[in-house]
Protein chains: 2
Amino acid sequence: MRTISVERSGAFVEKFSLPPTSDGPLNGLHFAVKDLIDVAGHQTGCGNPTWLATHPPATVSAVCVEQLLAAGAACEGKTVTDELAFSLLGENYFYGTPLNPAAPDRVPGGSSSGSASAVACGLVDLALGTDSGGSVRVPASNCGIWGWRPTHGLVSIAGVTPLTPTFDTVGLLARNAVTLQRGARALLAADAKTPAAPGRVHLLADAFALADPDVREALNPVIERMKHTLGAELAEISLAELCHDAQAAELATWREIYLVLMAAEVASCHGAWIAAARPEFGPLASAGFEFVKNLDRTRVGETIARRQHYCRQLSRALGPRDLLCLPTAPTIAPLKESIGRDRNSGYYQRTLALTAIAGVGRLPQVSMPLATAAAAPIGLSLIGAPGEDLFLLDVARSIDQP
Amino acid sequence: MRTISVERSGAFVEKFSLPPTSDGPLNGLHFAVKDLIDVAGHQTGCGNPTWLATHPPATVSAVCVEQLLAAGAACEGKTVTDELAFSLLGENYFYGTPLNPAAPDRVPGGSSSGSASAVACGLVDLALGTDSGGSVRVPASNCGIWGWRPTHGLVSIAGVTPLTPTFDTVGLLARNAVTLQRGARALLAADAKTPAAPGRVHLLADAFALADPDVREALNPVIERMKHTLGAELAEISLAELCHDAQAAELATWREIYLVLMAAEVASCHGAWIAAARPEFGPLASAGFEFVKNLDRTRVGETIARRQHYCRQLSRALGPRDLLCLPTAPTIAPLKESIGRDRNSGYYQRTLALTAIAGVGRLPQVSMPLATAAAAPIGLSLIGAPGEDLFLLDVARSIDQP
């Protein structure tokens, strides 16, 4: 794979080189850091110039950055993020749209846009991103690379600017599954495990039904091959069957849970700063914070109850070796500047309906770049049981290199 | 129980009345909020005047505050916290030492000092606190009230100033177990469950061995009574047996895991602000942040590995109806101003050795005010399996009212 220049990629807000702090299993690898995550001595800009101007430089690196440096990897700089991580597109009004080399006329996806671009352009082996509502998984799907969102709470978020703590995670992007697995082991502080065979693999019928027809067609043969590779029983199931709850069938229910809780928590995390600093936002971020402001907060209570219920039901339904299979996103990356400011647009509605499942369930998910539709990448995802990240990543590795 | 005046308690930094936002299961109850947690329109002072001066007022209330208001409870004000929640004593250099009405010459415990005092003084029915390394459980034990630290991640921490996200939780203090349970149900957004009988109740031999002899003697008859009440099998076990790991026997191992990860994360959460704002700290907080600054960060990686290992082993060892039983603290509340600035003093070392177990394991814990030693309260604690908070609280309720 040819490397694209740093300039052409537009992936970085700041390019520098930090050597590893010790030898380790990531020796020789290079990584980038989303500019929502602290690197000592550098300001964390969070994709917004007012944020940059009103926050001092980090005095220590985030724990996740130190973990990769201590495992032998070198840091290559900070990457573009959507403003305050609050978008799935990767079109930053102030810092531009990092290149999606797999589909240059399309967005890279966000909010870990620069991290995905840096990996896809061959500039680094892996990159740290954050994922609350899909910010690692969607860019991975759009750019044709591998992406991992961990079980909620398993990877330290100290030194990472919060958006919605109930959903916030630190994840990884990588060009192949082996590198993803190696990086994840460093973040999970866990040794390699003896590979285990998957139990039941549930194909989420409702999620496939939501996808574009050409996405479904592109993924069908991939699923057939996966059946052989894994030697596993693959059976269609609905979320309603899985959760023993008729309302769970509506993917809109999952999306609404995410949107209501996210908006409630974003207001707590950033409301006071917005009121005091009166930051300039680009049009997409403005629309996002307007959505937050207009939340009917009386819905939060019942929404938390529903979230806890679904989270428990999913955990009960998934044995430690069981997996859910679904498209990462319902569609390939949108064309640049094609999605307006409307968070109720079809694109957001449909994408969040799929990404909210792991979020609501606090479950780990890997997006695998196994297909293309209309000459653009589309990811197939596996979701694992809570805490079973190492198993999930090992299954992904076996699919990448059968 | 006689109510002590607000003035005499010294529990509040700000007294006000917020009516409930709707009717609910907490109708008629009054609660207080630790001044580390946002209440809309009020500044969150975090127990430090420089913090107060450098942060704008909250624009929305934290999700946990809204949950209690929506459940029918009224908010009575903000309570004293140790500076940035970084102490177990409850002696705030700037805002004073809230009264421990059960032992007026002794500290209330921290960092949720004012919340514990407000409950113990009869000023409110329940109070929100935070607990990273014992900040709800230790004040509950010291003041002779009930305290709950939830499973990590189950209660929203949006709108709560972070200290160490890997351990931070929002918990509750209450005068009796029924009120604790009612408040917890509101935060967990969960309905009452059919009571279930406990499975195995493991008495943590190493934890009891660490306690003062008079604490052990005071707790022995309580445990005998509990045996009858619960009709459960109670058997001594060591952490080494429970975790199948000889090193786990050393409670110092658990404390060190907490101290290293806490220090690493505190530096991320507050290091940049300290460097930029140069806050004035009291002597206890100064010593704490000095400890953070001197952390050997090369220890973080192996410490995370050990934490994940113990967390997994504890989760495997505990069935959903199993419980661990231990003293909340190894000693009754220290006399005021008796503990110096030395975080390596015996008091911190021994107390954190016990409180770190639930922290490292991400497990829920309830402290029950069931005994006194030397005329001061001492808590007996139960730790539950992850996510089994409702069951744990129901067991506590059945012990309070057999």
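Student: What should I know before reading the residue names and scores?

Tutor: Residues are numbered from 1 along each chain as its sequence is written, and chains are lettered from A and ligands numbered from 1 in the order in which they are written. Since this is a predicted model, local features need pLDDT of at least 70 and side-chain atom pairs count only at pLDDT 80 or more, while totals for chains, interfaces and linings use all residues.

Student: How confident is the predictor in chain A?

Tutor: pLDDT is the predictor's confidence in each residue, from 0 to 100. Chain A averages 95, and 98% of the residues score at least 70. The model as a whole has ipTM 0.94 and pTM 0.96.

Student: How do you know that the radius of gyration of chain A agrees with that of a compact globule?

Tutor: The radius is taken over C-alpha atoms, and the globule rule is 2.2 Å times the number of residues to the power 0.38. For 402 residues the rule gives a value near 21 Å, and chain A has 19 Å, so the two agree. Along the principal axes, its C-alpha atoms fill a box of roughly 55 × 50 × 35 Å. Chain A has 14 helices and 11 strands; these are DSSP runs, helices being H or I with at least four residues and strands E with at least two, numbered from the N terminus.

Student: Why is Leu370(A) called buried?

Tutor: A residue is buried if 20 or more other C-beta atoms, placed from the backbone, lie within 10 Å of its own, exposed if 12 or fewer, and partly exposed in between. Leu370(A) has 21, so Leu370(A) is buried. This residue lies in strand β10 (residues 365–373) of chain A. Across chain A, 62% of the 402 residues count as buried.

Student: What makes Leu123(B) buried, and which residues does Leu123(B) touch?

Tutor: Leu123(B) has 24 C-beta neighbours inside 10 Å and therefore counts as buried. Contact means that the C-beta atoms of two residues, placed from the backbone, lie within 7 Å. Not counting residues up to four places away in sequence, Leu123(B) touches Thr3(B), Val6(B), Ser9(B), Ala11(B), Glu76(B) and Ala118(B). Leu123(B) sits in the loop between α4 (113–120) and β4 (126–130) of chain B.

Student: How do you know that the span of helix α14 of chain B agrees with what its residues should give?

Tutor: The expected span is 1.5 Å times one less than the number of residues. The 12 residues of α14 (residues 389–400) should span 16 Å, and the end C-alpha atoms are 16 Å apart, so the values agree. Nine of the 12 residues are buried, which leaves α14(B) mostly covered.
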